[in-house]
Amino acid sequence: MTAINTILVPLKRVVDANVRVRVKPDGSGMALDGVKMSINPFDEIALEEALRIRERGEAEEIVVATIGAQVCTQQLRGGLAMGADRAILVEVGRELEPLTVARTLLALVQREDSQLVIMGKQAIDGDNNQTGQMLAALWGRPQATFASHLRFNGGVATAMREVDAGLEVIEVDLPAVVTTDLRLNEPRYTKLPDILKAKKKPLETVTLDQLNVEPETQFQVLGIEPPAQRPRGVKVGNVDELVQALRQKELI
Amino acid sequence: MARVLIVAEHDGQSLNPGTAKCVSCARTFETSAIDIAVLAGDGGAVAAQAAALAGVTGVIRVDHPANESALAAVAAPQICELASDYTHVFGPSTTFGKDLMPRVAALLGVGQLSDIMSAEGAWRFKRPFYAGNAILTVEAPQDRPVVATVRTASYQAAESTGKAPIREHAVDAALPAHTRFIETRSDSGGGRPDLQTAACVVSGGRGVGSKENFELIYRLADKLGAAVGASRAAVDSGYAGNELQVGQTGKIIAPQLYVAVGISGAIQHLTGIKDAGVIVAINTDAEAPLFEVADIGLVADLFAAVPELIEALGG
């Protein structure tokens, strides 16, 4: 019997990290038509870690879940191809605030009786860095955020966290929420046979109603604008000119 | 009127400058109180520093053995206990604040705002998202507390010219034992200025090529009295520690002078340096995106240019 039966890994569909997104000229949102969408890179790291835990025989099963429109099944299929056992789509037609996302994830945790949630520390679109911490709070369980190393010993997880001062080691009792930082692992590439196999894995669709979650919008968006541009600089020809320029600006 | 509670970040001895920046943010709108909560094992020294910050109206000192190390799961219920007297609860947008404030918000049953870069009144805020490619203006409802992190690069630290009263508060909340601090490991610094508050920062990227070559970055930094930073590529490659990473998912900084050496300038890196006073880029690739935001660019081999620069700064 392993300590963990089900690891829940939430995946968010986001604009690919290599796309340079811009604000629409009318300020109504981001220009996202036709841009490449991917699994949030931090979530991919979370799934990779879950796979390694299962491969070490420390967990039974991995469930990937996402909250969004039908099109998000692309990312769930991607997660299944990487190696998750099954997937859940919580079908929602609009963007939810992190608190509602956390409430939805809590409902999934309870439904699946999961002992461990591993998820990205932030999504690269909203840049909120909130949902894992909120889920842990609502669940009344520990959080190990910004993890760069993770090991289990029975019902206890030891996490190394990337903090401003360097690295911090904490110990948390399971069940717990772990959020991932960049150095936790390097996600595997999926192979074609795995992509084909993923098509046969179970993918279930549920609604917020079925999970008894009432979506709540707290913050009213008044506008979206592009950031201020820095004025174009100058190129210097050599180190002497660089030193001159710095002296002129009284920086050295 | 708004009453703001700020959660102090500290190491048991010194108040982190992020706290003074939260005070500066709160001072940009009308308030009837700006109080600072100091959770510590023995918060005497830190509470005194917090009380000295200009604009602060009071300091609440919460001493408890469980507060010896900062653990979000332990601190959050204590902050919630204090929060009922306030309309706003702020923390710095550092790893400390990012870990803690969402937990506080969820326990209070409210959402959280991340990375406030400006306040237009007490209920309207701007924050960056999409790696700083867009700025969002949001309005928070007035019928519940505003829990937020403050983007430290957007504010100057409040000065230490005040003298607010300090009161002690005993912990009533039940504190969880499911999360335990083991240790902190830090191998960088070497007496150099702190990356997040330094007036000058020298950063190295993939172009530096190895951990050994990164010594060149340290030498230039020491010549300039600068802190050292790194791009994600340099940290991933093991040239520098994670605490040096500058960018969307690392540290967001605003030094007067930023010198980027061998950094191409991925958008995720640029978002971490946008508020720098002057950006200098040294790179062999004239097409590197960093040159688009650099005030002064030098297209050159860093292994020739940096030693030459160190020599020229000789003194």
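In the predicted model, Lys126(B) and Glu225(A) form a salt bridge through their side chains, with N and O 2.5 Å apart. This pair spans the interface of chain B and chain A, where eight salt bridges are found. Polar contacts across the two chains involve 43 residue pairs, both members having pLDDT 80 or more. On the side of chain B that touches chain A, helix 4 (residues 95-108) of chain B is the top contributor, giving eight residues. By class, that side of chain B holds 42 nonpolar, 22 polar and 21 charged residues.

The contact draws on both chains. Chain B provides 85 residues and chain A provides 76 residues. About 6900 Å² is buried between chain B and chain A. Carbon and sulfur atoms account for 54% of this area. Three residues stand out on chain B. Tyr130(B), His178(B) and Arg180(B) together supply 10% of the area that chain B buries against chain A, more than any other three residues.

Strand pairing also links the chains. Strand 12 (residues 220-225) of chain A runs antiparallel to strand 8 (residues 134-139) of chain B, and five bridges join the two. Glu225(A), the salt-bridge partner of Lys126(B), is the residue at which strand 12 of chain A ends. At the other end of that strand, Gln220(A) lies opposite Glu139(B) in strand 8 of chain B. Val221(A) has Val138(B) as its bridge partner in strand 8 of chain B.

Six helices and 13 strands are assigned to chain A. The C-alpha trace of chain A spans about 70 × 45 × 40 Å along its principal axes. Chain A has 252 residues, of which 55% count as buried. Contacts within chain A were also sorted by separation in sequence. Among those between residues at least 6 apart, 72% join residues at least 24 apart.

Methods:
Residues are numbered from 1 along each chain as its sequence is written. Chains are lettered from A and ligands numbered from 1 in the order in which they are written. Side-chain values use heavy atoms; hydrogens and water are left out. Contact means heavy atoms within 4.5 Å. Buried area is the accessible area (1.4 Å probe) that two parts lose on being put together, summed over both. A salt bridge is a side-chain nitrogen of Lys or Arg within 4 Å of a carboxyl oxygen of Asp or Glu. A polar contact is a pair of N or O atoms within 3.5 Å; within protein, one must be able to donate a hydrogen and the other to accept it, and residues adjacent in sequence count only if both atoms are side-chain atoms. Helices (H or I, at least four residues) and strands (E, at least two) are DSSP runs, numbered from the N terminus. Ala, Val, Leu, Ile, Met, Phe, Trp, Tyr, Cys and Pro count as nonpolar, Asp, Glu, Lys and Arg as charged, and the others, Gly among them, as polar. Two strands pair if DSSP finds at least two bridges between them. Buried means under 20% relative accessible area, exposed over 50%, partly exposed in between (1.4 Å probe, protein chains only).
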